[in-house]
Amino acid sequence: MELKIYDSLSDKEKYLSESKNKAIRLFVCGPTVYDYSHIGHARTYIFFDFFAKYLKSLGKKVFYLQNITDIDDKIIKKAKEQNTDPIILAKLMTKYHLRDMKTLGINSVTKYASATKFIKQIEKQVKNLIKKGFAYKIENDGWYFDIKSFPEYGKLSGRTAEGAEDSISRIDEAVDKKNKGDFCLWKLKKPNEPFWKSDVLGDGRPGWHIEDTAISENFFGPQYDIHGGGLDLKFPHHEAEIAQQECSSGLSPMVNIWMHSGMLTVNGKKMSKSLNNFLTIQDYLKNHSANSLKLLVLSSNYRSLLNYSQTLAEQAETSLKTVKEFITKLDLAKNSKTKETRSFDLKPFEDKFASSLQNDLNTPEAISAIFSLINEVNKVIWTLNLSSIKNIEKTLKNKLDLFGISINLDKIPQNINKLAKERKLLRDSKQFIRSDDLRKAIEELGYKVEDTPKGQIILKK
Ligand SMILES: [Zn+2]
């Protein structure tokens, strides 16, 4: 079976075409760095990080490119509010964003490309659009893309004009626009705003959409494999990207597959500072682990709406404890050099896991296969032979790696180990009341001890 991916443009599932030696070129829209990254960003980047890792696990090479929008209206507005320089603000927020990605173990991006480092390429693409008759100038304002010049405008989203729900500051309002949906390619210099020199276009700065296509064309050429991003970027951003790239190169399609990850709400509502439900990645990590964020994100289908709540985070932490307890047991079975003879067939699990992911990356189904496996193995764990135990441990680790989840077994402090040993001796000599007292003492110190046929295991509570 081959990997099937849902393509938002054709509204169909497509097989990822094989190109033996060439890397799969994946572009995912990066953040606009005007504020701290929130858990909505985390959802998108956790998913695409998993996706890149999954492709690599299938033996494919991947060039994962992500832009960073480090010059934009939003940045300039925020910098004004904070009485700081937009370029400095963007640099700082870029640093924080990359730190957050690192904390989350998101490490599959081949190249992060900041827009301000690609001004020449942006200028070139705008010039090309002007030369070919797709762009026009509004004096003292900027260069605009004429959407009527591209009859296919709207083919991705089924829309051509902005509505009230589209994010503010991203709509280029200008009274002299030819069409309501025309968007700005190059904004002419305004007082107290950053600008770059351009003889042909006039000094100014890039519009938002053109940053991405200039960067993707620079690394991938005019046509490539996959473009990904959050669903909120489908219109007008991705629609604009298609218009710019296809008109500039005269080649279609710009990409083979468009992937959109679903939105994230918090307690049923769109995240917003005024609703007090805005959660940055750092806010989340104050109370929860990075592993739990990855588990909760990937436990939901990437195309569905994910409604975050505190309960969901706690459920993810509980699930992780189940996994940790299971690995602790495997570890004990392995170290006890078990002489048991029963073997465990992993094939049904492997098949289920593989087919789930091949089916448009159904991570919730793959994760549920992991928990079914844990359940099944738990029933017979103390009767399994050593090679089965080792295989299960290796397979499980492998699958969790794919989701960016790494489980570290608890380091048990000496005093706890000592109490547990005493408890075992008492228990072995059937002094149950005294051994139970020690169990309670251990629990009060934040650990729990469990008896198994191969000895006791100790876990953090
Ligand atoms: Zn983008």
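Which residues touch the most other members of the largest nonpolar core? Select L26, I46, V126, F145 and L185: of the 105 residues in that core, these touch the most other members. A nonpolar core here is a set of buried Ala, Val, Leu, Ile, Met, Phe, Trp, Tyr and Cys residues joined through C-beta atoms within 7 Å; buried takes 20 or more other C-beta atoms within 10 Å of a residue's own, with C-beta atoms placed from the backbone.

Before going on, note that this is a predicted model, where local features need pLDDT of at least 70, side-chain atom pairs count only at pLDDT 80 or more, and totals for chains, interfaces and linings use all residues. Residues are numbered from 1 along each chain as its sequence is written.

Then move to helix 8 (residues 290–298) and helix 9 (residues 310–335). Their axes, lines fitted to C-alpha atoms over the stretch in contact, come within 9 Å and cross at roughly 105°. The two helices are therefore roughly perpendicular to each other, a label for angles of 65 to 115 degrees on a scale from 0 to 180 between N-to-C directions. To see the contact (C-beta atoms within 7 Å), show N291, S292, L295 and L296 of helix 8 with L312, A313, A316, E317, S319 and L320 of helix 9.

Finally, select domain 3 (414–460).

Technical notes:
A residue is buried if 20 or more other C-beta atoms lie within 10 Å of its own, exposed if 12 or fewer, and partly exposed in between; C-beta atoms are placed from the backbone. Helices (H or I, at least four residues) and strands (E, at least two) are DSSP runs, numbered from the N terminus. Angles under 35 degrees count as roughly parallel, over 145 as roughly antiparallel, 65 to 115 as roughly perpendicular and the rest as oblique. Two residues are in contact if their C-beta atoms, placed from the backbone, lie within 7 Å. Domain bounds come from an automatic or database domain assignment.
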